[in-house]
Amino acid sequence: MIFEKNVFAGFLVKGELNAAVSYLGGCGDQSELCGRYHKVFEEDKRPVYEKDAYLNEILDVYRKYYREVFYLNNNIKEAEKRMEERFGVVFGKSFTCPDIGETEEKCVFKAFNERGFSFLGGRTSGFFGPYIWSDTEKKKYDVELPDGNSEYTVMLLDGFISKSWLDYISFGMTGTGGWTDSDGIINCVKSSYDIEGEAFRVSLLKHEAQHSMDIIKFGNISSDDLEYRAKLVELIYSEQRNMLEKFLLESDNSDVKNGHALASYKIAEKFSSKTGLDFKKLASLSAKETQAVASELFFESSDEIAKKYAMK
């Protein structure tokens, strides 16, 4: 079987690490990568942050959580309980928070911030995993969206020592390339993009700018609705990459917490309904056909969203 990166990444985006490793095992040219997964997740030989032993202890709490949840398939609530217990060991007397979110805010954030790092905790698609970086550069970009042009503030982030769970379980092959704050500021993982390329212009700027616009208009919009509209924007403006194929491989409606997978599943359903094609044949649509359907679905979504959510 020939290794296809999109297929492999599709498993990982859904958190299906064992399925991804099994897929690798069927690809004869991926023995080196298979060996790496065996070493990190089966033998439990985690990477070490050698610059700071204390911070490495904190990072190790997250790494153990990743292994339990994605590789050992342990119960998520039980894995989070053990995660909290491990934080208790690391922080000792300063540890007073029985909740992981509070622990990150009061203890983990402080530990990294005091050593010159920015820290963003919380959940990404239902799972804990922090973003931790050292360098931030502020820029402004004029971004065209289906509803018009606007200027957006973009923070280019670099010097990462953690890019959350998806980057970790994929060994950096895929992961979150950016996010939008509640105030509409776009954050970009600089190393994930060629700043002059379509991926940056479309999958980062336009995707996140659409988030920013929707968050400002509809403060209580759900994650899957946000992602659905932003992914449609990617399909409208992408010319060099088959983003529809990528979204089809990521689609999954089994986890209500995974907004990306749910949005991709909704795109597959809507495209199938519009074109009369089943999921497997949708990726064969031309770029122009994909753009036309995506544009139609986007403006239909605008009407639906306006009715569904109260305007700010």
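Are Tyr66 and Tyr168 buried or exposed? In this predicted model, in which local features need pLDDT of at least 70, side-chain atom pairs count only at pLDDT 80 or more, and totals for chains, interfaces and linings use all residues, both Tyr66 and Tyr168 are buried, where buried means under 20% relative accessible area, exposed over 50% and partly exposed in between, with a 1.4 Å probe and protein chains only. Residues are numbered from 1 along each chain as its sequence is written, and side-chain values use heavy atoms, with hydrogens and water left out.

Rings of Phe, Tyr and Trp (its six-membered ring) are paired if their centres lie within 6.5 Å, with planes under 30 degrees apart counted as stacked, over 60 as edge-to-face and the rest as tilted; by this rule there are 27 aromatic pairs. The pair of Tyr37 and Phe41 is stacked, because the ring centres lie 5.8 Å apart and the planes meet at 20°. Both residues belong to helix 3 (residues 31-42), four residues apart, about one turn of the helix, helices being DSSP runs of H or I with at least four residues, numbered from the N terminus. Tyr37 is buried, with a relative accessible area of 1%, and Phe41 is likewise buried, at 1% relative accessibility.

The rings of Tyr66 and Tyr168 have centres 5.0 Å apart and planes at 40°, so this pair is tilted. Here distant parts of the chain are linked, since Tyr66 lies in helix 4 (residues 53-71) and Tyr168 in helix 7 (residues 164-169), 102 residues apart. Ring pairs join these residues into a cluster whose members include Tyr37, Phe41, Tyr66 and Tyr168.

Key:
Helices (H or I, at least four residues) and strands (E, at least two) are DSSP runs, numbered from the N terminus.
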